[in-house]
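Have a look at the model first.

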Amino acid sequence: MLNFQTSKLLEANRLLISDIDHTLLGDRIALKELIDYLQSSEIAFGVATGRSIESAKQILEEWEVPFPDLWITSVGSEIHYGEATQVDNDWGEHIHDQWQPELVCEAIAKLSGIKLQSAEGQRTHKISYLVDPTKSPSISEIQSHLRQHQLQVQAIYSHQEFLDILPLRASKGNAVSYCANKWNFSMEKILVAGDSGNDEQMLTSGANAVVVGNYSSELEKLRGRDQIYFANDKYAQGILEAIAHYKF
Ligand code: GLC
Ligand code: MG
């Protein structure tokens, strides 16, 4: 399998961080073009996904994507590096503040139309649910319900179907800012790409951002915002369109 050099995070002067499902993956021809471009460039490469690290590795192997230099997984609640997927324990410690998973489960159990995802969706710093929006309260009602229970957490809604509860300090956006700082990239040297609700905080983190053409309706509200480019093209072709747009 091909491999990006892990030292690229230290050497590169630009960093592309892409969501996996429905952003990086979806169009094999465009994906190949993007990978070729990245490998011939001085751009370091990261993914930011709702998937666990194990599931992210598996899907990238299936799509023949070389392992990235940076892995932001489980909706920004875990960070790993390189081919060896070396874990960033500092991040886990940083986000652990005020995290009370049992109390989150108790509070959410009182709501209708929301059920826990299977065990593989549950992580140390991520509790994930499936939502039936015809039966469940709205996302803002869920957020205020959690606040009424004195739970300082992030409640993130994607694809009108998934609800992720994370520690307050975790999200793809906060993980991107942490990595920018740790690896010495200013935000204008970072391009982030996404398609759905769990990408919102990274798309508004101050980096150059692209919403790919096949985006989910919960991102419509970002249209017209500074530094958020809505591509016409879908999937990896949309990322390539943004690379040209930003002259990245
Ligand atoms: C991925 C994860 C799931 C999460 C969803 C949205 O599908 O497996 O747990 O709810 O992304 O972030
Ligand atoms: Mg996605």
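By class, the shell of ligand 1 holds two nonpolar, four polar and three charged residues (Ala, Val, Leu, Ile, Met, Phe, Trp, Tyr, Cys and Pro count as nonpolar, Asp, Glu, Lys and Arg as charged, the others, Gly among them, as polar). Bear in mind that this is a predicted model, where local features need pLDDT of at least 70 and side-chain atom pairs pLDDT 80 or more, while totals for chains, interfaces and linings use all residues. Residues are numbered from 1 along each chain as its sequence is written, chains are lettered from A and ligands numbered from 1 in the order written, and side-chain values use heavy atoms, leaving out hydrogens and water.

Who's in that shell? Gly50, Arg51, Val75, Gln117, Lys126, Ser128, Phe162, Asp164 and Asn198 surround ligand 1 (a heavy atom within 4 Å). Three of them place a polar side-chain atom by a ligand oxygen:

| Residue | Distance to an oxygen atom of ligand 1 |
|---|---|
| Gln117 | 2.7 Å |
| Lys126 | 2.8 Å |
| Asp164 | 2.6 Å |

On its own, ligand 1 exposes 310 Å², and the protein buries 79% of that (Shrake-Rupley, 1.4 Å probe).

Asp19 is buried at 5% relative accessible area, whereas Asp21 is partly exposed at 26% (buried is under 20%, exposed over 50%, partly exposed in between, with a 1.4 Å probe and protein chains only).

Technical notes:
A polar contact is a pair of N or O atoms within 3.5 Å; within protein, one must be able to donate a hydrogen and the other to accept it, and residues adjacent in sequence count only if both atoms are side-chain atoms.
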